[in-house]
Each structure stands twice: as C-alpha cells, then as structure tokens.
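Reader: I would like to learn how to read a model like this one. Please take me through it feature by feature.

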Amino acid sequence: MATAAHGHTDRTDSPARLYAKIVGITVLLVGIVGIIAGDPEDGLLGLFNIDIVEDIIHLATGGLLTYVGFSGTNALVKSVVTLLGVVYLVVGVVGFFLPELFGLIPNEYNVADNILHLTLGALALLAVSGNAAKENTTRTA
C-alpha cells in the first residue's frame, strides 16, 4: 500500500470515499431491484423511472462506485466520484428538456428522477470538495 505525506495511507477515509461506498451500494441495489422487480409502467416505488437501460447503468455505476469506495486509491476515488458527479448533474439538467435522453430511456425521466440525479451530482462534488478541504487541513497540520 502506497504511503502519502505525513504517514497517511493512500486509502484513507474521506467524504468522497464515504460517498462512493454509500451511493455505490445504494445504486447497485437499485439496479438489482429494477431488474428483478421493476415495472417500467409503474416505475420504482411508483415514483422513479425504471428501464432496462437504466438498470444496466445503475449496475455499472453502482459497481464502479462500490469498488473504488472500498478498494480504490484516494486519487481514483476522487476521479470517479468527480466524473460520475458531473454525469449525474448533466443527466439531471438534460432530463428536464429531453426526458427520454435521446431515446435511451423509453419511459422518460420525470421531475423526481431529475431532482434525484441533480442531488446525487451535487453531493458527489461536495464530497470531492470535502476531500480537498480535508487534504489541505492534513497538509497544514
């Protein structure tokens, strides 16, 4: 395991790593539930859109976040959380104007889907900025 300055390992707990673990497991479970019990007509909990494409994306992104959250280096966690945070924000904004996301989502996103994506994106970027704050505090200590 690589060691960073001041004796900290390259896999220290951070807001971004916590985000990756919690959101990763949650999104992975949503993908599994969507495939097993999802109903494209009623959605998930009668509130959120559920489609096979979305289920596959949930499995992939949830799996990636979970993997980096538990075993990725700090740099990898920061990169993945930043990238997916930006993607979530873009999907949230675009979903208001093109709810079928260029034909990828047959049952279209609704306001709840868009707000959820915007929230996940904002939280991801806040977690990464929390990483930077924690790193700066550690360096100056």
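Reader: In which helix is T61 found?

Author: This is a predicted model, and T61 lies in helix α2, which covers residues 52–71.

Reader: Is T61 buried or exposed?

Author: The cut-off for buried is under 20% relative accessible area. T61 has 16% relative accessibility, so it counts as buried.

Reader: Which residues is T61 in contact with, leaving aside its neighbours within four places in sequence?

Author: T61 is in contact with V27, L84 and Y88. V27 is itself among the buried residues of α1, together with A16, R17, Y19, A20, V23, G24, G31 and G34.

Reader: What should helix α1 span, at 1.5 Å a residue?

Author: Helix α1 runs over residues 15–37, and its 23 residues should span 33 Å. The C-alpha atoms at its ends are 32 Å apart, which agrees.

Reader: How many salt bridges does a search of the whole structure find?

Author: Side chains of opposite charge can pair when their charged atoms come close. Here the search finds one salt bridge. K21 forms it with D13, and the closest N and O atoms are 3.9 Å apart. K21 counts as partly exposed because its relative accessibility is 21%, whereas D13, at 54%, is exposed.

Note on methods
Residues are numbered from 1 along each chain as its sequence is written. This is a predicted model: local features need pLDDT of at least 70, side-chain atom pairs count only at pLDDT 80 or more; totals for chains, interfaces and linings use all residues. Side-chain values use heavy atoms; hydrogens and water are left out. Helices (H or I, at least four residues) and strands (E, at least two) are DSSP runs, numbered from the N terminus. The expected span of a helix is 1.5 Å times one less than its number of residues. Buried means under 20% relative accessible area, exposed over 50%, partly exposed in between (1.4 Å probe, protein chains only). Contact means heavy atoms within 4.5 Å. A salt bridge is a side-chain nitrogen of Lys or Arg within 4 Å of a carboxyl oxygen of Asp or Glu.
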